[in-house]
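Trainee: I am new to this structure. Could we go through its charged pairs and one of its hairpins?

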Amino acid sequence: MAEQYTDIENFDNKEQDSRKVVVIVVFAFLFGVNGFLLWQFFDKKTHLEEVSKTLDSTVAERDAISAELKKMKDEYEKINQENAGLQSQLSAKDEEIKSKIAEIQRLVNSGDAAQLRKAREELSQLKAMNQNYVVQVDSMKKVNEDLNEQNLSLNETLTTEKGKVESLTQENSLLANKVAVGSVLRTMDVTATSVRYKSNGKESEMTKASKVQKIKICFMVLENHVVDKGSKDIFIRVISPDGAVLTTTQETFMYNSQATLFTVKDSFDYNNEKTNVCIYFDKGSQYSKGKYSIELYSGGTQIGSTSLSLK
């Protein structure tokens with residue numbers, strides 16, 4: 001009985017030892033698994049942190065490139081606006097810069113680190129192109145400014161010369177007017193009388209309309225050394241009391257660019273000296289009572305006038 005009890009106790013001890021071994025093995029396994037999971041956790045965490053840093057760096061680089069690109073675009077557009085007049089001369093360079101900006105923007109929009117590196121390289125090239133563009137613009141502005149100064153100087157000279165020409169033109173016009181005025185015959189002592197002839201052929205003044213045979217117009221042509229010497233035509237208009245021009249021929253002369261009826265035409269020799277002239281008009285029929293106006297013309301200009309009244 002005592003031996004049986006001892007065997008049972010030994011079995012129990014062995015079973016307990018086996019259980020301890022199993023427990024230890026399980027704990028060791030769990031500890032290993034936990035250690036492995038913990039290692040994986042920290043490894044992934046480190047990797048995620050590196051990825052996050054890389055992503056943050058990529059985003060920051062993209063934002064930096066975008067900001068720098070926007071700044072350069074704004075500067076470029078400002079230069080274009082300030083120098084709109086030079087666009088035709090800079091069109092080729094302008095298109096090249098626009099193309100480069102579009103290419104950089106495409107690379108930035110891709111968001112890829114490799115593409116961003118390429119965008120950064122392209123941006124450096126764009127900076128150089130933009131600087132060269134600014135130098136070109138400044139050079140052309142300087143050339144244009146020089147040309148504008150030359151044009152301004154030429155315009156001032158032209159204005160001065162134009163003023164001289166206008167002054168000379170005015171002087172010539174005044175001289176021409178003086179010559180034109182001086183070339184016109186001048187008269188004085190213009191008189192008109194109505195006459196009747198006696199049986200002996202002598203004329204006597206007659207104011208009774210029914211007795212008048214002719215109207216006699218006398219005047220003195222003044223001295224004038226500007227007028228050419230030679231024969232001068234005189235046109236006389238006798239205007240009756242009813243306003244009609246007395247005429248027997250219906251002939252005209254030009255006055256104020258219009259054909260004008262005249263009463264009688266006569267000529268006299270002029271030698272630039274004072275010359276007395278008398279011209280007669282024979283109506284050929286009885287005169288009417290009233291006041292007659294007499295006008296003298298030569299060279300298309302009125303040179304004298306007078307009047308005559310008949311009873």
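Mentor: Two strands pair if DSSP finds at least two bridges between them; strands (E, at least two residues) are DSSP runs numbered from the N terminus. This is a predicted model, where local features need pLDDT of at least 70, side-chain atom pairs count only at pLDDT 80 or more, and totals for chains, interfaces and linings use all residues. Residues are numbered from 1 along each chain as its sequence is written, and side-chain values use heavy atoms, with hydrogens and water left out.

Trainee: In which sense do β9 and strand β10 pair?

Mentor: Strand β10 covers residues 301–310, and nine bridges join it to β9. Within this pairing, serine 293 stands opposite serine 307 in β10. The sense of the pairing is antiparallel.

Trainee: Which residue takes a positive phi in the hairpin of β9 and β10?

Mentor: The hairpin has two residues between the strands. The phi in question is near 60°, and the residue is glycine 299.

Trainee: How many salt bridges does a search of the whole structure find?

Mentor: Side chains of opposite charge can pair when their charged atoms come close. The criterion is a side-chain nitrogen of Lys or Arg within 4 Å of a carboxyl oxygen of Asp or Glu. Searching the whole structure gives three.

Trainee: Which residue meets arginine 237 in a salt bridge?

Mentor: The N to O distance is 3.2 Å. The pair links distant parts of the chain, 58 residues apart: arginine 237 is in strand β4 and its partner in strand β9 (residues 290–298). Both side chains belong to buried residues, buried meaning under 20% relative accessible area, exposed over 50% and partly exposed in between (1.4 Å probe, protein chains only). The partner is glutamate 295.

Trainee: Is lysine 216 buried or exposed?

Mentor: Lysine 216 forms a salt bridge with glutamate 203, with the closest N and O atoms 2.9 Å apart. Glutamate 203 lies in strand β2 (residues 203–205) and lysine 216 in strand β3 (residues 214–221), 13 residues apart. Glutamate 203 is partly exposed at 30%. With 17% relative accessibility, lysine 216 is buried.

Trainee: How many residues apart in sequence are the parts tied together by lysine 265 and aspartate 233?

Mentor: The two form a salt bridge, their closest N and O atoms being 4.0 Å apart. Lysine 265 lies in strand β7 (residues 264–270) and aspartate 233 in strand β4 (residues 230–239), so the parts tied together are separated in sequence by 32 residues.

Terms used: Helix = DSSP H or I, 4+ residues; strand = E, 2+ residues; numbered from the N terminus.
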